[in-house]
Each structure stands twice: as C-alpha cells, then as structure tokens.
Amino acid sequence: MTALLRYHAALLLRSQRWLPPFLLYAAFLAVSVQAGQPVLDSLGYTAAALLPVAAWLARICVTAEPQAARGCVAAAVGPARAHVACLLVALSGAAALGTVATLGVTLLSAPVASDHRTPVPLAPACGAGLLAALVCALLGTAVGALTSRPLLRSRGRAVLALLLAALLSLVATGSPAQAAVQGLVTGSRSGTVPLPLLPLAAAALVTAAALALAGALAARRST
Amino acid sequence: MRPDLCLENAGRRYGLRGPWVLRGVDLTVSPGRLVRVEGANGSGKSTLLRLLAGIDAPSEGRITGRPRTAYVPERFPPALPFTAVGYLTHLGTVHGLTRTGAARAAAEWLERLGAAAYADTPMARLSKGSSQKVAVAQALLGEPELLVLDEAWTGLDTDARAALERAVAERTTAGGSVVFVDHDPRRLAGLPDAMYTVRDGSLVERAVPGPSPSGPQVTVEVQGPPDARLPDAVRRTVTSAEETAPGSHRLTVAAPHSDVLLRALLTARPPWHVVSVARQADAPGSRR
C-alpha cells in the first residue's frame, strides 16, 4: 500500500494539477481572512473553504491517471485498493493544506472573541481549527469520491453534483462540516473554544463509507 | 503450488441493463500454461482479458484463485508525468519489489527491450513504440504469476517482439501463466497449451494443433554422458529430439524457447555440452 500511495502522490505532485485548487484556496483566504480579526471566525472560514477544495482535489486524483495506466496498477493490486489509495492521497493533500492554512491563520489572527474584548487562548483555538479543517478535508474527500468515477462518469453531471454536494455539506443542518464550522462561529460569539470531536467522528465514518463504496464499485463500473 | 485461476460462468456487461459483452464463460488457467485468445474486433476479447487480469469484476459468475497479476494494455498512454525509468520504478514497487530492486529490474527490462536509451526520457516525449516497451517492461519486472497481454506486440519493433516472445517463454517455464491476444497468427505459433475464440459473447475452445514446428525453429546439437537421458526440463521445451550418436542429440526448439533450452542444458547436473546452435531456414514470411 505504501508503494501505491507513493505512486499516486508522485503522480499528483508531478502533474501540477493540484495547483489550481491550492491557488483558489489561497486567494479565498487572502480575501476573507485579514490580520487582527477574531481567531475563531477566521478559522471557521479556513475550514469551510477547505471542503470544496478537498472535493476538487479528490476529483483531480481520481481522474489524473490515464485509463490504460490505471489498468496496469489495478491488475497488480486490485482495482479497489488502487482507487482507495488515490483518494487517500487526495485526503492527505487536503489535510496538509488545511493544517498549513490553519497554522498561518492562527498566527495572523487576534486572540479575541467576536466582541474584540473577551480573550480566546490561541493554542486551543488552533487545535479546534485543525480539527474543523480535518472534518472538512474528510467530508470534501467523501464528496469528491462520490461525485466522480466510478459513480458519476459524465463530466458535466459530475462537476455539477460536486458543487451541489459541497455546498450542501457546508450549509445543511446535520452535516458534520456544518456542525464543526458552526461550532467555531458560535464559539467566537461566546468566547469559548469548541472541541468538534463528534463532527470529526461522524466525518471519519462518512468518509470511510464513501471510500469503501467507491473502491467496491471501481471494478464493477470501470470505463 | 498455487491454485488455478478459474472463471466460473462469468459474464460481463457495462451498466445495469447494458447488453452482455460476455456470458457463461468457463475458463481455467493453470500455472505454467500459455493460453491464446482469438476473436474478431469488438468481440469481447479485451473484456475477457480485463476479467482475467482482475481489472473488472464479473457482472455474474465468479473468479477464484487470483495469482499475482500483471497486465499489458493494447495502447499505452504516454501522458504520465514521469521518466520511463521513474514510472517503472514506481510500478516495480507497486508489484512488490523494493525500491532498489525495482530500479534494477526497470533498467534491465528497458535494456532487454532495446529502450535503455530512453530510460531518462519523459514519458510524454516517447514514441508510440517506445511507450509500448515501457508498458511491457512494467508487466515483466515483477515476475508475475499471471501475465495478461492484450495485443502487447502491436507497435513493437522486430527485436522487441522477439524479446517479448522469449520473455513469455521464460515466464511459462518458471511456472507462470500467460494469456495473450494477438492478431498475428504466427505469434508464438505452435506454443500455446490452449486456444479459445470469443464469438457472440461466449468462449469456444479450439483444438490446439499438436506440437508441430509451425513457428521459426532453432536446432541445437548437444552432447551428454553416453547413456544419459535428456533432462526433463529439456524434454518439456523441445519440439523434437533425436539421438544422432551415443550421447549426441539434435534438438529442435521453437525460437522463443531457445534461451530457456540452453539454460536448462547448461544448468543441468551434470551439465550438457552445447556443440552448436543454428537457426533453421525460416518458413516463408515468418521472419523474426
């Protein structure tokens, strides 16, 4: 599995197709997060914006390999493992991006609540931001996995479904990502740092199920 | 001994209500067997090979006894952001080799296929034939137990085609199974243990012409101890053997198997002496 992950990571890095989502994410953060703003608010934006980026990254990983090359790898390790490996690489990429962004945003932000008076400790806030970012990376990967090959093969429909699903996972009540981001925002209003462990567990479960489903279908619905 | 790879009543269709591409396929591939699959364009040969290689799962029926598998697709895309040797090293580790082992095997197979000069060329700049060599090397470097070749010879130059035929002979001698599709009826002529035709979505077994010398042959004259029997490995490989004088034998072997035969002779205990090796006059139109 390590060899497989290394192969897919190299494929992603060298293809440079990761660049557009990363740039879009950086641009969004540059516009919406400013130095000296309340830390939990900014971390909420950072986590929320990561979800569509993670979904896009998953789509990039799944579609990066030409079909014939995919066949060679699938013959060696089985199509399910090959497919899950490339989704795991996408998840790692999104998680790494989210970590860097969260750390950077924490350093730039002011350790206060929304009222700019109540103090908010930076270290726990950063921890909460990292957990929320991870929730969004997980859920974004699940969205990407469920809205691309092998589940949706027509490109137009897949992109539309990806955008809709990413938006829904951010705003629909009951979604772990919505809960995690909402936790940061309400925490900023009240000046308490939330600990989004329940959303994290839910997101991990949803993502594991999505990856398992996509992997299981990889052999049944190829081409 | 690893189990046979078995397809039991296997069928495949694309989509939930798509037409059946293949149906009711029963096929057993035992270790060490060479299997040829034929059929018209679009008859479902490639679908069958993808089932055998484990890339696709059957829509009905089942497959048991999955060995370590490698697959060579018909057309290999150069749109990969690696150099030839970089890609092969990655694939070698995916096939279970260590990184150093994979790099060594990659260099060796590129050299055997006559593509050593392109080792550090980015895949995107390889010609069609050279990228097909990379596809072939990718499958061979892990010494798979099952090798599935979907028109792997297409696009290769003459030397690389012969090298691939020899590599197939090596795999089967080492106990690996090889399943191949090729449009050239002379490809590995006289060597397959079983032949099948895919017709109207089902698989028909064809009679294998006996071990007739139908492909290019090599004559090897050998000398052993006066009343020694030819080693078993040699008997299995040759198309014909005659004792010309006590201890002297004249062996005929299909050209792809000649290296395998010589290796068997020279590594026998005690080793046999190779007096001469000569290519037989080729049958018309069967230039190697």
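Analyst: In chain B, an open sheet of 3 strands has the order β2-β1-β4, with antiparallel pairing; strands here are DSSP runs (E, at least two residues), numbered from the N terminus, and two strands pair if DSSP finds at least two bridges between them. Because β2 (20–29) and β4 (60–64) of chain B stand at the edges, each with a single partner strand, one side of each has no neighbour in the sheet. On average, and with direction ignored, neighbouring strands of this sheet are turned by 20 degrees against each other, the axes being lines fitted to C-alpha atoms and angles running from 0 to 180 degrees between N-to-C directions. The model is a predicted one, in which local features need pLDDT of at least 70 and side-chain atom pairs count only at pLDDT 80 or more, while totals for chains, interfaces and linings use all residues. Residues are numbered from 1 along each chain as its sequence is written, and chains are lettered from A and ligands numbered from 1 in the order in which they are written.

Within the sheet, strand β1 (residues 5–13) of chain B is joined to β2(B) by 6 bridges, and the two run antiparallel; Arg12(B) has Leu22(B) of β2(B) opposite.

A parallel pairing is found between strand β5 (residues 69–72) and strand β6 (residues 146–150) of chain B, joined by 4 bridges, with Tyr71(B) opposite Val148(B) in β6(B). From β5(B), Thr69(B) and Tyr71(B) point one way and Ala70(B) and Val72(B) the other, and all are buried, that is, 20 or more other C-beta atoms, placed from the backbone, lie within 10 Å of the residue's own.

Key:
Buried ≥ 20, exposed ≤ 12 C-beta atoms within 10 Å, placed from the backbone.
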